[in-house]
Amino acid sequence: MFRRTFWFATGAAAGVWATTKVNRKIKALSPESLAAQAANRAVDAGHRLREFAIEVRAGMVQREAELGEALGIDAAPGPGLPAPRRFAAIENTSTERTRVQYTRHSHTRHSDNRNEDH
């Protein structure tokens, strides 16, 4: 009797375990679950890409500092050097039209295409 009870309990436990395993796999392969997994992976990839970009920028800043130090670019200009130039935008305050406007007359035959042979 003990032997039959043991095998019955073992079979029932195996059945429950197999049913649970199959139900979990079915839920994992549902469209909603697949979409959620894809979204999570995309977010993780975005975080990794952002961290990589931050590391690249930090490396660029470090390398530029090394190059500036090696070339003496970061050093303050000596007393004999002039101050760096600053270019100002030129503002056009003139009210006159400086463009020449071309008009076509009906009695003249000419083309705007200058590459054309005459």
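**Reading helix H2 and its surface**

Guide: At 38% relative accessibility, Glu66 counts as partly exposed, a class lying between buried (under 20% relative accessible area) and exposed (over 50%), with a 1.4 Å probe and protein chains only. This is a predicted model, in which local features need pLDDT of at least 70 and side-chain atom pairs count only at pLDDT 80 or more, while totals for chains, interfaces and linings use all residues. Residues are numbered from 1 along each chain as its sequence is written, and side-chain values use heavy atoms, leaving out hydrogens and water.

Visitor: Which residue forms a salt bridge with Glu66?

Guide: Side chains of opposite charge can pair when their charged atoms come close. A salt bridge here is a side-chain nitrogen of Lys or Arg within 4 Å of a carboxyl oxygen of Asp or Glu. Glu66 pairs with Arg63, the closest N and O atoms being 3.2 Å apart, and the structure holds one salt bridge. Arg63 is itself partly exposed, with a relative accessible area of 46%.

Visitor: How many residues apart are Arg63 and Glu66 in helix H2?

Guide: Helices are DSSP runs of H or I with at least four residues, strands are runs of E with at least two, and both are numbered from the N terminus. Arg63 and Glu66 are three residues apart in H2, so about one helical turn separates them.

Visitor: What span does H2 reach from its first C-alpha to its last?

Guide: The expected span of a helix is 1.5 Å times one less than its number of residues. H2, with 41 residues, reaches 59 Å, close to the 60 Å expected. Just after H2, Gly72 takes a positive phi of about 75°.
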